[in-house]
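These are my notebook entries on a single chain, written down in the order in which I looked things up. I wanted to know how the chain is divided, and then how its parts are put together.

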Amino acid sequence: MLDQPTGQTYEAASALPPSQRIHLLLLGVEDVTRSAKFYEALGWTRSPTGNDGFVKFNMGGYAICLINRADFARDALASNTDKPGFSGVALIHLARSVEDVPRILAQAVAAGGVIVKPATRTDWGVAGYFKDPDGHLFEVDYETVWAFDAQHHLRVDEVNIV
């Protein structure tokens, strides 16, 4: 297949389910350089394996990647590239402590983000939301039920009993 020209399409002989994991979260942004600076100002380290048009941040087993929104839309054959008001998608960072939630939200503002919902007590813990410069929604959440390993990787199939 790789010896065929760009644009060649293929039909599958049989179906194959994907493995149950996500490797990349791709964010379409208006200005890749501006957005990369925002995430670097959050304190994230840019991967040296990206480039100016495809910036990667290693998130510990998966990556958040930034690409030009129009290029992303063309690649996905999207006919409408207007920004939606509410996409129904959020990226969630689970804080290490309840006190970290407002501190992380403050860092997002200092980096150029906008608070959508301040750190607020919920039925389950404390959470707040911010948007990056392109309107991508992030939740910062702390709940005692989340279980983590020593490297702060989420143990999805476990909960802490409180």
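**Entry 1, domains.** I began with the domain assignment of the chain, which gives domain 1 (22–77) and domain 2 (87–161). I keep in mind that what I am looking at is a predicted model. I then looked up the C-alpha centres of domain 1 and domain 2, and these lie 20 Å apart.

Which residues of helix H1 are buried? In this helix, which covers residues 32–41, I noted Val32, Ser35, Ala36, Phe38 and Tyr39 as the buried ones. They cover an arc of only 155° around the axis, and therefore they sit on the same side of H1. I reminded myself that an α-helix has 3.6 residues a turn, so residues three or four places apart point the same way. Next I asked what covers the buried residues of H1.

After H1 comes glycine 43, and its phi is positive, near 110°.

**Entry 4, a sheet.** I turned to an open sheet of four strands, which run in the order E4-E7-E6-E5 with mixed pairing. Strand E4 (91–94) and strand E5 (114–121) are at the edges, and because each has a single partner strand, one side of each is left without a neighbour in the sheet. From one strand to the next, the twist averages 15°. For valine 126, the bridge partner in E7 is tyrosine 142.

Is threonine 9 buried or exposed? This residue is in the segment before E1, and its relative accessibility is 64%, so threonine 9 counts as exposed, the cut-off being over 50%. I also compared its place with that of alanine 150: threonine 9 and alanine 150 are 141 residues apart in sequence, and from C-alpha to C-alpha they are 44 Å apart in space.

Note on methods: Residues numbered from 1 in each chain as written. Predicted model: local features only at pLDDT ≥ 70, side-chain atom pairs only at ≥ 80, totals over all residues. Heavy atoms only, no water. Pairing = 2+ DSSP bridges. Helix = DSSP H or I, 4+ residues; strand = E, 2+ residues; numbered from the N terminus. Axes fitted to C-alpha atoms, helices over the stretch in contact; angles between N-to-C directions. Buried < 20%, exposed > 50% of the residue type's maximum accessible area, 1.4 Å probe, protein only. Arc of directions from axis to C-beta. Contact = heavy atoms within 4.5 Å. Domains from an automatic or database assignment.
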